[in-house]
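Subject: The structure, and what turned up in it

Hi,

Here is the structure I promised to pass on. Have a look first, and my notes follow below.

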2 protein chains.
Amino acid sequence: MAPPALVANGNVADVKSPTAGRYAAVYSEVQNSRLDHPLPLPSVLKKPFKVVDGPPSSAAGNPDEIAKLFPCLFGQPSAALVPDSNNSSGQALKIGVVLSGGQAPGGHNVISGIFDYLQDRCKGSTLYGFRGGPAGIMKGKYVVLNSDFIYPYRNQGGFDMICSGRDKIETPEQFKQAEDTSVKLDLDGLVVIGGDDSNTNACLLAENFRSRKLKTKVIGCPKTIDGDLKCKEVPTSFGFDTACKVYAEMIGNVMVDARSTGKYYHFVRLMGRAASHITLECALQTHPNITLIGEEVAAKKQTLKNVTDYIADVICKRAELGFNYGVILIPEGLIDFIPEVQQLIAELNEILAHETVDEAGAWKKKLTTPSHQLFDLLPPAIQEQLMLERDPHGNVQVAKIETEKMLIQMVETELEVRKKAAAYKGDFKGQPHFFGYEGRCGLPSNFDSTYCYALGYGAGALLHSGRTGLISSVANLAAPVEEWTVGGTALTSLMDVERRHGKFKPVIKKAMVELDGAPFKKFVSLREEWALKNRYINPGPIQFVGPASDTLSHTLLLEIGSQV
Amino acid sequence: MAPPALVANGNVADVKSPTAGRYAAVYSEVQNSRLDHPLPLPSVLKKPFKVVDGPPSSAAGNPDEIAKLFPCLFGQPSAALVPDSNNSSGQALKIGVVLSGGQAPGGHNVISGIFDYLQDRCKGSTLYGFRGGPAGIMKGKYVVLNSDFIYPYRNQGGFDMICSGRDKIETPEQFKQAEDTSVKLDLDGLVVIGGDDSNTNACLLAENFRSRKLKTKVIGCPKTIDGDLKCKEVPTSFGFDTACKVYAEMIGNVMVDARSTGKYYHFVRLMGRAASHITLECALQTHPNITLIGEEVAAKKQTLKNVTDYIADVICKRAELGFNYGVILIPEGLIDFIPEVQQLIAELNEILAHETVDEAGAWKKKLTTPSHQLFDLLPPAIQEQLMLERDPHGNVQVAKIETEKMLIQMVETELEVRKKAAAYKGDFKGQPHFFGYEGRCGLPSNFDSTYCYALGYGAGALLHSGRTGLISSVANLAAPVEEWTVGGTALTSLMDVERRHGKFKPVIKKAMVELDGAPFKKFVSLREEWALKNRYINPGPIQFVGPASDTLSHTLLLEIGSQV
């Protein structure tokens with residue numbers, strides 16, 4: 001299908017999607033230019049290849065329990081694609097694909113990669129896209145993906161080709177539904193594009209299908225902007241690169257503004273609840289004055305007062321140097337990492353479930369002393385949020401707490417105290433920001449575009465070879481694309497167990513920021529300089545051609561470098 | 001100065017600024033690539049030219065009063081640069097430049113343009129950069145701008161080369177200070193880069209210098225991301241293009257997220273208090289479901305309830321079509337356009353200044369009935385903001401009101417009512433956003449880079465020709481750069497008077513969104529389609545090379561097109 005022509009007088013062009021796959025029939029010039037952006041494949045995928053097995057695998061922890069949970073799959077080897085002399089032309093396959101969980105830039109390219117693999121290597125194949133996430137599998141809601149349908153989504157952001165969902169396939173009934181759909185569609189394979197939970201789920205599904213002697217194989221793909229699904233074989237999750245670049249563009253702009261204006265401290269909260277990879281990567285890209293890393297706060301068992309004091313200390317030192325402005329990065333999940341806050345929230349959940357909250361505050365006596373003290377330390381607006389915003393189970397909604405505003409108020413209060421004590425002479429004005437949704441659905445960077453395409457193409461190859469229970473693994477990413485390696489890693493080898501409701505549950509452990517890892521150590525070696533001297537960098541907007549169009553994330557480069 | 005080399009393993013490069021002009025010594029690859037981005041000049045500026053006068057000018061309104069306020073300058077002609085056969089090499093000049101007011105991408109290029117003009121045409125000249133805005137003129141705080149100092153700022157965002165400020169030169173003492181500095185530095189000319197207020201001020205300064213028989217000439221340059229300083233001769237203010245593109249990138253991403261997730265209404269507040277140009281331009285670039293334009297709300301004398309109902313109506317219709325998501329654009333200054341809100345705020349200011357506010361709410365009886373009703377309609381958090389957040393003069397701080405959150409709550413309440421009446425069956429979840437500081441200091445787009453350079457180069461030419469009281473005017477912007485026209489427009493011709501404290505004060509009227517103008521009419525012709533059918537466009541990040549790197553704003557194209 002030829003790229004649509006530009007409308008002469010504007011920046012937009014019409015794309016007629018024959019199957020109405022994308023309801024918006026209008027594309028920007030940049031979106032349009034991305035449609036035919038070439039996607040280079042690693043050399044191994046361009047010529048005849050075969051899939052070879054590695055040594056037997058184990059588990060990330062508690063191998064005995066994992067072995068019990070995955071009797072069919074445990075111990076299976078990882079697989080690698082290597083060049084082969086035989087040009088094995090495959091039979092037609094029936095493959096399903098599903099997007100699971102939050103959006104990450106590049107998801108559409110994973111699907112394009114699977115599709116193109118089937119077109120190239122298994123003529124006559126059918127690719128089913130399950131709509132709306134795992135629920136689409138259970139309910140048998142799908143669409144047949146053909147080239148006209150897929151074309152408008154190539155190198156485009158979002159998950160709207162088939163949309164996503166957060167349902168899980170967990171209960172015996174749900175497994176049965178998935179089985180019914182697989183049988184009905186005569187599926188040879190299923191690709192699950194998702195994060196740690198979804199890949200755990202994919203592995204359970206693979207195990208279930210195997211034990212039920214179904215022919216349907218299941219392959220996972222590592223997706224999450226949070227960057228917390230990775231291991232040696234899977235160097236990064238897709239979407240992380242683009243999301244961080246979008247956030248870093250905004251942070252860089254705010255830094256230039258801060259320096260130009262000279263009067264604001266910008267408190268920037270960044271998406272990423274569980275791990276602080278995004279915040280760390282953005283710091284490495286932009287050099288803010290202060291960066292809070294949740295994992296460090298937890299390791300040092302810091303209190304909210306510690307964090308506030310740390311910020312106030314830097315602000316005081318900067319004021320002495322004549323700088324009454326700055327930029328501070330805060331991970332969305334910060335307060336989840338502060339033990340005393342967790343304790344307070346647990347006590348509040350308990351109290352609010354059983355007590356009447358009186359205006360006079362007598363209910364507060366039910367709090368333990370440390371929690372009571374912490375509560376009184378919090379700004380009134382945050383106290384109110386803690387009391388009011390509750391989820392359907394009556395729990396405090398931590399996600400709704402605007403941590404950046406909370407910290408601004410706490411720092412303001414602390415600085416007022418110091419001012420009275422003549423320990424601070426500056427003027428403090430805080431500006432809150434939250435960068436989240438803007439980054440999840442950006443146009444994928446060249447890296448994410450190419451990486452995802454290879455992940456999808458590789459997933460097709462793994463299914464074609466009959467593998468199951470693997471996660472598509474593309475590595476050697478610091479090298480030119482031709483030299484990237486392609487294979488699959490046993491999902492069971494990434495797993496450990498957690499005890500829930502008296503039962504062992506398999507989990508792929510989230511990859512947290514490692515405090516002895518190269519990215520964090522690099523940050524630590526520079527943060528004092530960044531705090532007092534202004535070393536701001538403005539990465540600028542993502543470029544698709546020309547300078548900086550092929551950069552990798554600092555996190556990836558540093559991690560790969562430290563492995564060598 | 002050669003562009004600095006890239007650090008091998010990262011995305012950043014060191015730029016050693018010999019004069020330490022930019023304290024951040026580190027540049028991203030994109031920033032770096034912009035340093036040597038070529039800046040094409042309009043043909044007329046590339047060859048010998050002369051400055052010719054047009055016919056005598058008048059004023060935008062009340063010419064008699066403007067004539068009294070500007071006895072020396074009123075009626076002077078605008079000037080145009082035209083090719084000339086004589087290669088007039090000029091004498092060395094001493095020129096000052098000042099940045100005034102809020103940041104706008106491209107300010108550094110205006111300075112680069114002035115500097116290069118002096119280098120090219122008036123060898124041996126000196127360019128003084130006044131630091132920190134007009135206060136720098138009054139206090140005689142300046143830096144001599146040489147090529148090493150300026151180089152690191154070429155095509156870079158922000159105003160940090162010499163920083164800006166919001167002081168005004170207004171009182172006789174302040175005029176005297178400006179005069180003293182001009183005499184001390186023996187200034188031939190001064191370029192004031194600013195918005196409507198700053199250019200009015202520049203004209204007063206020009207008048208003052210002329211009446212005092214000083215040799216210092218004053219030329220203005222049209223700066224503001226808000227886009228509200230423009231006229232036929234000055235088709236756009238610089239910075240508008242870049243800021244809108246940064247915001248439109250984010251809006252486009254949020255749209256893709258909305259469509260992928262299918263469950264959120266994103267309420268996006270955009271910077272721009274006085275006029276709604278930014279919101280209108282972003283709408284034309286991205287096609288949101290709902291766009292509020294302050295000027296229309298005011299013209300139709302809409303109430304907050306009208307606005308809420310309009311949003312709720314669209315949401316209900318979309319729910320019937322199966323769409324429980326959408327994107328809504330809101331100009332920052334929306335509530336300034338709603339007469340009843342202005343009335344309520346005026347009453348509140350009065351009451352809060354004189355009355356004790358009792359918990360029971362007896363104070364509310366002092367409100368007029370419509371204001372009382374409106375107050376009761378507001379969400380509690382907004383009521384609180386209106387009561388608490390006050391400026392040093394005791395006035396309610398309208399700027400602190402988070403209009404997007406207010407509208408989310410009001411729409412939520414309205415939809416609950418409709419749900420009970422079975423008129424709405426959807427689920428409503430609002431997500432608030434504010435895009436502001438991210439856009440003010442972005443890396444200037446190619447358009448703003450080139451436009452600003454021409455504005456500065458032209459300002460140099462106007463000063464060189466001895467003109468004063470003009471605003472640098474570059475037009476014919478839809479044509480290739482070579483064909484752009486260059487000249488200066490009499491600032492008095494843009495002025496009208498306002499009566500303040502019993503005196504006439506000259507003002508350059510802000511250019512508001514015109515409801516019979518081409519951009520608004522285009523929007524009106526499409527908004528119903530955008531409301532119900534999803535026509536989202538994702539403009540993507542600003543590109544500096546390749547596709548979409550030379551696009552113009554829709555507003556500019558439509559306005560120029562409608563003038564033809």
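H501(B) is exposed, with a relative accessible area of 86% (exposed means over 50%, buried under 20% and partly exposed in between, using a 1.4 Å probe and protein chains only). H501(B) sits in the loop between β16 and β17 (503–508) of chain B; helices (H or I, at least four residues) and strands (E, at least two) are DSSP runs numbered from the N terminus. Although H501(B) is not a glycine, its phi is positive, about 50 degrees. For background, most residues other than glycine have a negative phi. K301(B) is another non-glycine with a positive phi of about 50 degrees. K301(B) is found in the loop between α11 (294–299) and α12 (304–320) of chain B, and at 64% relative accessibility K301(B) is exposed.

Some housekeeping before the rest. This is a predicted model, in which local features need pLDDT of at least 70 and side-chain atom pairs count only at pLDDT 80 or more, while totals for chains, interfaces and linings use all residues. Residues are numbered from 1 along each chain as its sequence is written, chains are lettered from A and ligands numbered from 1 in the order in which they are written, and side-chain values use heavy atoms, with hydrogens and water left out.

**A buried aspartate**

D496(B) belongs to strand β16 (residues 495–500) of chain B. D496(B) is buried but has no salt bridge (a side-chain nitrogen of Lys or Arg within 4 Å of a carboxyl oxygen of Asp or Glu). The nearest side chain of opposite charge, K509(B), is 4.1 Å away; for charges, Lys and Arg count as positive and Asp and Glu as negative, with His and the chain ends not counted. What the side chain of D496(B) does make is a polar contact with the side chain of N62(B), at 2.8 Å. A polar contact is a pair of N or O atoms within 3.5 Å; within protein, one must be able to donate a hydrogen and the other to accept it, and residues adjacent in sequence count only if both atoms are side-chain atoms. Leaving aside neighbours within four places in sequence, D496(B) is in contact (heavy atoms within 4.5 Å) with residues including A60(B), I66(B) and V507(B).

**How the two chains meet**

Six salt bridges cross the interface, and one of them joins R259(B) and D160(A) at 2.8 Å, N to O.

Y264(A) lies in the loop between α9 (240–261) and β11 (265–270) of chain A and is buried, at 15% relative accessible area. Beyond neighbours within four places in sequence, its contacts include N324(A), K429(A) and Y437(B).

**Salt bridges within a chain**

Over all chains, the count comes to 62 salt bridges. E170(A) forms one with K505(A), the closest N and O atoms being 3.6 Å apart, and this pair links parts of the chain that are 335 residues apart. E170(A) is partly exposed at 43% relative accessibility, and K505(A) is partly exposed at 29%.

In chain B, K510(B) and D228(B) meet in a salt bridge at 3.8 Å, N to O, and these two are 282 residues apart. K510(B) is partly exposed at 36%, whereas D228(B) is buried at 2%. Salt bridges that share partners also join K305(A), D309(A), D313(A), E414(A) and R418(A) into one network.

Best wishes
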